[in-house]
Amino acid sequence: MVTTLYSIPISNYSAMARDIIYRNNLPVKIAAPADLGGLKSDAYLDKFPSGKMPALDVPAEKICLYESDVIINYLLPSIDNRSRRGALNNLVSRIHDMYHGPHQSSLYRHVKSDQVRIDAISAINFALDEYERILGELDDGPFFGGSSLGRGDLIYPTFAFYLHILPNYLDSEVFQSRTRLTRWWNAIKKDEICTRILHEMKGGFVEWEDADVFLKLYGRKCAVTFI
Ligand SMILES: N[C@@H](CCC(=O)N[C@@H](CS)C(=O)NCC(=O)O)C(=O)O
């Protein structure tokens, strides 16, 4: 009875779950939604009605899970919800899901008006300012978890999207005037598992650039340089 995570390399939400799997050597098979016919296929929707990834099939428990937060909390060996650090880490992950989340696809899909992208950048800047503030509340570091990665640090794959898209296509900066977040990102890039994940995502961005995804949206192409 094999536990299976459905994920593709570029998917930042799935990358958070892959990080937990790699970091803890969990016996979880990683498959593509295409193996079930794709995100919107009947076979996939029967198991995971959201039609999104990540999704986790745990046949031994007869459960099919979707929503990255639920999957991560299921996979994590332990969770700290009650300490000050634990609560602030949960806040970081909630800000990511609630304030960044609804706007993510505006960065790489067609939108009905410029205002949609303006709203996305504004929501993302709110989230980035909050991460910067919360890092200041946690007086050690470099991670939200302290000297090692915590629940809040799992937002890092989303920064691949920010770093490739905001400065290159939307004239918006990620780390300018955010010194704690800059230090955090430098530490993330030194972590072996984070680097592995960011390289997986980079491959996905190169494929998107090769397929002219951004050329069609923004009228130009850019090299992928976030890692
Ligand atoms: N709130 C969801 C968001 C997941 C999500 O948006 N996943 C993207 C890939 S990163 C997806 O499946 N997009 C395909 C679609 O929306 O059709 C979560 O936390 O799992």
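This is a predicted model: local features need pLDDT of at least 70, side-chain atom pairs count only at pLDDT 80 or more; totals for chains, interfaces and linings use all residues.

Modeller: Residues are numbered from 1 along each chain as its sequence is written.

Biologist: Which helix gives the most to the side of domain 1 that touches domain 2?

Modeller: The protein is divided into domain 1 (3-75) and domain 2 (84-218), with bounds that come from an automatic or database domain assignment. In all, 12 residues of domain 1 are in contact with 15 residues of domain 2, where contact means that the C-beta atoms, placed from the backbone, lie within 7 Å. Helix 1 and helix 3 each supply at least two residues of this side of domain 1; helices are DSSP runs (H or I, at least four residues), numbered from the N terminus. The greatest share, 7 residues, belongs to helix 1.

Biologist: Are helix 1 and helix 8 parallel, perpendicular or oblique to each other?

Modeller: Helix 1 and helix 8 (residues 192-210) pack at an angle of about 140 degrees, with their axes 10 Å apart. Axes are lines fitted to C-alpha atoms, for helices over the stretch in contact, and angles run from 0 to 180 degrees between N-to-C directions. Angles under 35 degrees count as roughly parallel, over 145 as roughly antiparallel, 65 to 115 as roughly perpendicular and the rest as oblique. Helix 1 and helix 8 are therefore oblique.

Biologist: How many charged residues does the contact of helix 1 with helix 3 have?

Modeller: Tyr13, Met16, Ala17, Ile20 and Ile21 of helix 1 meet Ser68, Ile71, Ile72 and Leu75 of helix 3. Ala, Val, Leu, Ile, Met, Phe, Trp, Tyr, Cys and Pro count as nonpolar, Asp, Glu, Lys and Arg as charged, and the others, Gly among them, as polar. By class, the contact of helix 1 with helix 3 has 8 nonpolar residues, 1 polar residue and, as for charged residues, none.

Biologist: Which residues around the ligand come nearest?

Modeller: Helix 1 (12-23) and helix 3 (68-75) each supply at least two residues of the shell around the ligand. A residue is near a molecule if its C-beta atom, placed from the backbone, lies within 6 Å of it. Of the 13 residues around the ligand, those that come nearest are Ser11, Tyr13, Lys52, Met53 and Ser68.

Methods. Two residues are in contact if their C-beta atoms, placed from the backbone, lie within 7 Å.
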